Amino acid sequence: MATITRRTRDRWDQLVTAVPDASARDGRLPRDRGRLVQVGVVGGLIAYLAATFAVANGSFFIQNLLMTAAIFGILAISLDLVAGMTGLYSLGHAGLFAIGAYSMTLLNDEFGIPVLVLLPVCFVEVGLVGAFLGALSLRVSGLYFAITTFIFTLVVTVILVDFEFTGGLGGLGGPTFPDFPAGLDVLGDSLVWAVAIIFLLCVGAVWCIRASALYPVLLAIRDAEPYAAAAGVRTATVRIAVFALSAGMAGLAGAAFSFLGFISPGQFNWTVSVTILVMVILGGMNTHLGPILGAAFISMFPILVPIDPFVEQLLYGAIFVLVIVFYPTGFVGLIQAIWRRLRPRRLPGVRAAQDEEAAIDDDIEAVPAAPAEAAQSGLALECRDIVFGYDEGSLALAGVSLAVRHGTIHGLIGPNGSGKSTLVNIIAGRLAPRSGSVTVNGQVVDGLGAAARPSHGLMRTFQSAVMVREISALANTTIGLYSRVPRMALRAIAWPLLPSGRRDSRVMNAQASATLNAVGLDPAWHRTRVADVPHGVEQLTQLAASIVASPSVLILDEPLAGLAAGEVDHVSRIVRDLRRKGVTVIVVEHQTRFIFDVCDEVTVLAAGEVVRSGPAAAVRSDDRVREVYLGQ
Amino acid sequence: MNRRRFAATLAVGVLVLAGCSGTPSGSGAGAGGDTLLLGGIAGTTGAYGTTGQAVVNGTQVAVDEINAAGGILGKQVRFEWEDDGADPTKSSQLFSKYLSDGAIAIAGSPDTGPTTVELSTKNNFPIIGAVDDCGLTVYTEGPDKPPAPYAFCTSLNTFAYGGIIGQHALDNCEALAVLHDPSTYGMGGLYGIQSTYEATGRKIVLDESITENWSTGATVGLRAEIDKINDAGADCVDVWLTPQDQANFISEARSLGATFTVYGNDETNADTTFSDLAGDAADGYVAAEITTRLNPAQALLDFRKTYKDKFKVDATPFAELSYDAAKVLKDVAEKAKSTEPAKLQAEFNKVTDFPGLFGPLTFTEQRHATLDAEHLTIVVFDKGSKEWKPEG
Amino acid sequence: MLQVLLSGLAAGAIYGLVAMAFAVVYYVTRVINFATGQLLMIGIMVAAAVSAAGLPEPLALAGGVLVATLGGVLIYGVAVRPVLAADRFSFAWLVSTLGMAIVIQSIAAIIWGPTSRAFPALLHRDIMFFPGGASLSWQQIAAIIVATGAAVAYEVVRRRTLFGKVGMAISSDPEMARVVGANVTAHSVIAFALGGLLAGIAGMLVGPITYANPYLGETYGITGFVALMIGGVENPIAAVGGGFVLGILSVAANTYIDSQASDWFPFVIIVVVLLVSPRGLFASGLRWRRSRGGLATAGTNS
C-alpha cells in the first residue's frame with residue numbers, strides 16, 4: 001500500500017512539473033483577478049474581525065442574539081455538508097448538538113477540566129459518534145438514513161430526560177467561559193470571540209471543501225456512486241469521514257451553546273433536528289450562504305418580530321410556505337431572483353445554438369499516454385476461471401478465463417445475459433467472484449474493492465453515463481483524477497488556502513481540459529453543466545474522465561450506446577489513438593461492425609462461458625460464433 | 001410564472017416588513033429615556049398559554065396602576081413582554097434582551113422557570129412573580145437549602161400545595177399514590193407531599209413519574225396507572241399533572257368504577273379548564289385554595305373587576321399574584337432608592353408583611369416564595385353548584 | 001397480560017391510523033406530510049366546536065372528518081404540488097408542509113384559544129369487560145376495528161382495482177405512469193384527501209381522551225411518525241402494524257417497567273429493529289427471505 005501511495009505521489013509530481021505551461025493556458029485566474037480574490041478574502045476577514053470586536057463590546061442582547069444565530073449557523077452548515085454535498089439527510093444533528101453541550105457541561109462540572117481543553121475534546125468525541133452514525137449510511141440510505149438518525153436523536157433526548165446525571169427535564173446550568181486576561185480585556189466579551197472563531201473555522205472548512213477538488217467527488221458520491229468508486233474513491237470511507245467532520249462541528253456548536261447559560265432536553269429534541277434541516281432547505285441547500293441565512297432567519301425571527309405571538313407564528317409558517325413554494329431553492333433563490341430583476345443577466349459566452357455534431361472536434365489532439373510501466377511485455381489483464389452467480393441457482397459466469405495482451409484493443413461480445421457486464425464488474429472490483437482470480441499488469445487484485453483498482457492502472461466507463469448533472473463537464477472530468485492526486489480528501493478542508501491545493505486545482509483543470517480537447521470536445525462545452533449537454537457530449541465526458549488519469553488498462557462498457565453514426569467513427573479514432581499511446585482497451589459492445597473493425601482480439605461470451613477467444617478475424621469466421629451470436 | 005413569483009417576492013417582503021414594523025407587545029408610557037423597563041417572559045401560546053397570558057395581564061394591570069400613581073422613583077414604567085413558547089432557548093434569548101435593554105427586573109417565566117432562575121443567578125439579576133410555581137424551581141437544592149438568590153416568587157407554591165394535600169391525605173387516607181410529571185414543577189409537588197409524610201414516618205405507596213408535554217397537551221393512556229394504583233392498594237391518589245390530564249384521569253377512573261379519592265394540584269382549580277372537561281366526574285375531587293381567595297377582600301374584588309373590564313376574562317390566581325409581584329417591586333425600588341440589582345435584592349429580602357391581594361407578603365434571605373401551606377384551605381368540587389367548596 | 005394487549009392495541013390503533021395517513025400520502029407522492037398531526041387536530045377542533053354549538057354528535061363527527069379531508073387536499077394544492085412541479089426529488093416539501101402545520105395550528109389557536117375544550121364523550125364511557133378483569137371502552141374497540149378495517153380496505157383497493165394498480169405504478173415511477181396516461185395529479189389529490197380522512201378519523205376516535213386542543217397535532221404527529229418508522233414507509237398496511245407494535249410496546253413498558261419506560265422502551269426496540277432491518281419491521285421478513293439466497297455472493301447489484 002505504501003508503495004502505491006509513494007508511486008501516486010511521484011506520478012503526480014511528474015504531472016505537476018510537466019504541465020505548468022498548460023496550467024497557464026487554462027484554469028488559472030488571470031493574475032490581477034487572483035490578486036483581487038486575495039484582497040477580497042483578506043478584506044472580508046478584517047471586516048469579520050472588526051464586526052466581532054464591535055459585537056464583543058456591544059450590548060448583551062445583540063451578543064446573545066448573534067451567538068445563538070452563529071451556533072445554529074454552524075449546525076446548519078454542518079448539516080448542509082452532509083445533506084447538500086453527500087445526500088445524507090441527517091435528523092441526528094440535534095442529538096449530536098446535545099452530546100456536545102452536555103459533554104462540555106458535565107466534564108467541566110464534574111471533573112473541572114478547563115473549557116479550552118474540552119473544546120477539541122468535544123469535537124473529537126462527537127466526531128467519533130458521527131463516524132458511527134455515518135457508518136449506518138452504509139446499510140441504509142435516503143429516507144431510511146433520515147429515519148435511523150431521527151431515532152438516534154430520540155434516544156439521546158430520552159437519556160437526557162430520564163437519567164439523573166443529566167439533570168433530567170430541569171436541565172443544567174452551563175459552564176462559564178473564561179474571561180480574557182487583564183491585558184486583552186479591551187477585546188470585550190471572550191465568549192463572543194470564541195463563538196466567532198468557531199463559526200469562522202466551521203464555515204471556512206465547509207467553504208474550502210466546496211472550493212476544493214473534492215467537491216465534485218462528493219457530489220459524485222451523492223449522485224453517481226459507481227462512477228466515483230470507479231475513479232478510485234473509497235465512497236464509504238469518504239462518506240463516513242465527511243459525516244464525522246459534520247458531527248464534530250455539531251459537537252462544537254453544542255459546546256459553544258452550553259456557555260450561553262442553560263441547557264435542558266427540550267432544546268435538543270427531534271424538532272430541533274427538523275428545524276436545522278428547515279434552516280438548510282429554507283435558506284438554500286448546497287449553497288454558500290443559504291444555511292447561514294436560514295439559521296439567522298429562524299433563530300432571530302421570533303425574537304425580533306414583536307407582534308401578537310399567535311399572529312407571529314402564523315406569519316412564521318406562512319413565510320415557510322411562500323418562500324419554498326415560489327422559490328424552491330429558498331432564500332438564495334429569492335435573492336437571485338431579485339438580483340436578476342435588478343441587473344438583467346448577460347448571456348454566457350457559450351455559443352448559444354451549438355448542435356451536437358459541431359460540438360465534437362474531429363481533430364483529435366494527443367490523448368494522454370499510458371504510464372511507462374504499461375510498456376512492459378506480457379498480459380495487461382488476465383482472468384482465470386471466474387465463477388459467479390447472483391443467487392444459489394444458475395451461474396452468471398461458469399469458469400471464464402480471459403487474457404488481454406498489452407497495447408491491444410480487446411472486444412468482449414455476447415448476447416444479452418451472456419455475462420459481459422458481470423465480468424466487467426468483477427474485473428473492476430464492483431463484484432467479488434466466488435472463485436477465480438483477476439490479474440492486472442501482473443499483479444493479483446483479488447480482494448481489492450472497486451476503489452482500489454484505479455491505482456493499479458485500471459479505469460472503466462459505464463453503459464449509461466451517470467454523472468453529476470449540476471456541475472460542468474470539466475469538473476466531472478477532474479473526478480477521474482482522484483486516484484492520482486495525493487491526499488486530496490485530507491487537504492480538502494483547507495484546499496484553497498494551501499498553495500499545493502491551488503496548484504493542484506490548476507493542474508487538474510488543465511489536465512481535464514486537455515483531455516476533453518483530446519477526445520474532441522469543443523472547449524465551449526467544458527464549462528457547461530452536464531445537465532444541459534446532449535447525450536453524445538455526456539458520453540465523451542465520461543470517456544475523458546476515464547482516461548484523464550492515464551490508465552494502462554481501460555474498460556469501455558458499451559461506449560456507443562445512443563451515439564450517432566458520425567460519433568461512432570469518432571470514438572473509433574479515439575480508441576485507436578489510445579492503443580497507439582500504449583493503453584490496453586477492453587470494449588464491451590453490441591455493434592459487431594465496430595468491434596471487428598477496431599479490435600485486435602475478440603472474446604465471445606454466451607450463457608456465462610467463453611465460446612471463442614482469439615484474433616478478430618479468426619473469431620469472426622468461427623462457425624459457433626456465427627451461430628450463437630451473429631445469428632448466421 | 002415570472003409575474004406570480006414577483007408577486008410572491010412582494011408578498012414575502014410585505015409580510016416581513018409587516019412583522020418587523022408591528023407594534024411592540026404590551027404597552028408603555030412611551031419609549032423616552034426617562035422610563036424604567038420591566039421585562040416579561042411567559043408562554044402565552046401552547047396548550048398552557050392561558051396561564052402565561054394571565055401572568056402578563058396581571059402584571060400589566062399593576063404597571064398601569066403604578067404609572068397612574070407616578071411610577072417608580074418618579075419614572076414611568078414600561079412593561080414589555082414576549083412569548084417564550086415554553087422553549088428554554090427562546091427564553092434565554094429574551095432574558096438577554098431585557099438585560100441589555102436595561103430592564104430593572106423580569107417577571108416570569110411560568111413555563112421556563114428553571115431557565116430564568118439559572119440566568120438570574122448567573123447574571124445577578126432579579127426575577128419576580130410567577131417563576132414557575134416556586135417550589136423546587138426556586139429552591140433548586142430543596143426547601144432547607146438557600147433559594148436562588150435573585151428569584152422572588154409570589155406565585156402558587158408547589159411545596160405549599162403538596163404540603164397541605166399531603167397533610168389532608170395523612171388524615172384521611174389509608175394509602176396514598178402520587179402521579180406527577182418529572183419537571184421541577186411535578187417534583188416540587190411530590191417533595192411537598194413526601195415531606196409531610198416523612199415527618200410522621202409514613203410513606204406513600206406509589207410514586208409514578210409521567211412525562212407530559214405541557215406545550216402540546218399530550219395525554220398518555222392513564223389506564224395502566226389506574227390499575228397500578230388499585231394493585232398498590234391505594235385509597236387516595238394525587239394526580240400532579242396538567243388539568244386536562246387530571247380530567248382525563250378522573251373520567252377514566254370513574255367509568256372503570258374506581259372509588260379512590262383523587263387529589264389535584266395547584267393548577268386544578270386555578271381556572272375552569274379541569275372542571276369544564278371533567279364534568280360530573282369531577283364531583284368530590286379534592287384540591288387546595290388560597291384561604292383569602294374564598295373570602296376575598298375589597299382590594300381583590302376591585303382588582304378582579306378592573307381585570308375583567310380590561311381583558312374580558314376572569315382573573316386567575318396567576319394574574320392576581322403577578323399583580324402583587326409588580327407592586328412589591330415598586331415598593332422595594334422606592335425603599336432602596338435605586339434600581340440596581342444588588343440593592344433591589346437586599347431590599348427584597350427585607351420585605352415584611354407587604355399588603356398583597358391575598359394578605360401580607362414576606363421575603364427573607366431563606367424565604368423566596370410567599371405562599372405557605374398555612375395560607376391554604378382544602379376544597380372539594382361540588383357538581384351541583386359547579387364550585388370548589390371548603391371541606392365540611 | 002390481556003389488558004396490556006388490549007390497551008396496547010387500542011392506543012396502537014390511533015398511532016397506526018396516523019401512520020397510515022402518512023404512508024398513504026408517501027406511497028403515491030413520496031412526500032411525508034408533516035402537517036398530518038395538525039389534520040387530526042383540526043378535525044377534533046371542528047367536531048368539538050360543532051358539538052358545542054348544540055348540533056347532533058354525528059354531524060359534529062362528519063364535520064370534523066370532512067374538514068380534515070379538505071385540509072389534506074388544501075395542503076397538496078398549496079404546499080406540495082408547486083414544490084414537486086419545480087423539482088420532484090428535492091426535499092423542499094419538508095419545509096412547506098411544516099409551514100402548513102404551523103399555519104393550521106396558529107389559525108386554530110387564534111380561533112379557539114390555547115385552552116383545551118370539551119369533546120363529545122361518544123362511546124368512551126361505555127366499558128366492555130373481558131374475562132379476567134380486562135376491559136376496554138367501546139370507543140377503543142371501535143378504534144381497533146376501524147384501524148384494522150382501514151388497512152384491509154386499503155390493501156384490497158390497492159391490489160384489486162384499476163385505481164389502486166395505477167397508484168402502484170405512479171408510486172414506482174410517476175414519469176413513466178404519466179406517459180402511459182395515468183392522472184398523477186388526481187391520484188395525488190386523492191392520496192392527500194385519504195391522508196386527511198384517516199387523520200380525521202383517528203381524531204374522532206381519540207378526541208374523548210385528549211379533548212380538543214390546538215397543539216395536539218404535534219403530539220400525535222410524532223407518535224404516528226414513530227409508528228411509521230417501525231412499520232416501514234413503503235407500505236401503508238405495514239404502517240398500521242407499526243402503530244399496533246408501538247402501542248403494545250408502550251403499554252407493556254408502562255405496566256412492567258414504569259410509566260417513563262413507555263418513553264424510551266419502544267425506541268430501544270426500534271433501534272434494534274432498524275439495525276436488523278433498516279427498512280422497518282414489516283419490510284424485514286420479505287427482504288430477509290429474498291436476500292437469503294444471495295448471501296453467498298458478495299454482490300449487491302448487477
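This briefing covers a chain contact, a nonpolar core and a sheet. The model is predicted: local features need pLDDT of at least 70, side-chain atom pairs count only at pLDDT 80 or more, and totals for chains, interfaces and linings use all residues. Residues are numbered from 1 along each chain as its sequence is written, with chains lettered from A in the order in which they are written.

**Contact between chains C and B**
- Chain C gives 27 residues and chain B gives 29 residues to the contact (C-beta atoms, placed from the backbone, within 7 Å).
- Helix 1 (2–29) and helix 8 (184–210) of chain C are among the elements giving two or more residues to the chain C side; helices are DSSP runs of H or I with at least four residues, and strands are runs of E with at least two, numbered from the N terminus.

- The largest nonpolar core has 433 residues (buried Ala, Val, Leu, Ile, Met, Phe, Trp, Tyr and Cys joined through C-beta atoms within 7 Å; buried means 20 or more other C-beta atoms within 10 Å of the residue's own).
- Helix 1 of chain C supplies the largest share of this core, 19 residues.
- Val18(C) touches residues including Thr36(C), Gly37(C) and Leu40(C).
- In helix 2 of chain C, 15 of the 17 residues are buried.
- Gly54(C), which follows helix 2 of chain C, has a positive phi near 95°.

**Sheet in chain A**
- Four strands form an open antiparallel sheet in the order 4-3-6-7 (pairing needs at least two DSSP bridges).
- Strand 4 (397–405) and strand 7 (443–444) of chain A each have a single partner strand, so one side of each lacks a neighbour in the sheet.
- Five bridges join strand 3 to strand 6 of chain A, and Glu382(A) has Thr439(A) as its bridge partner.

Definitions and conventions: Two residues are in contact if their C-beta atoms, placed from the backbone, lie within 7 Å. A residue is buried if 20 or more other C-beta atoms lie within 10 Å of its own, exposed if 12 or fewer, and partly exposed in between; C-beta atoms are placed from the backbone. Lists of a residue's contacts leave out its neighbours within four places in sequence.
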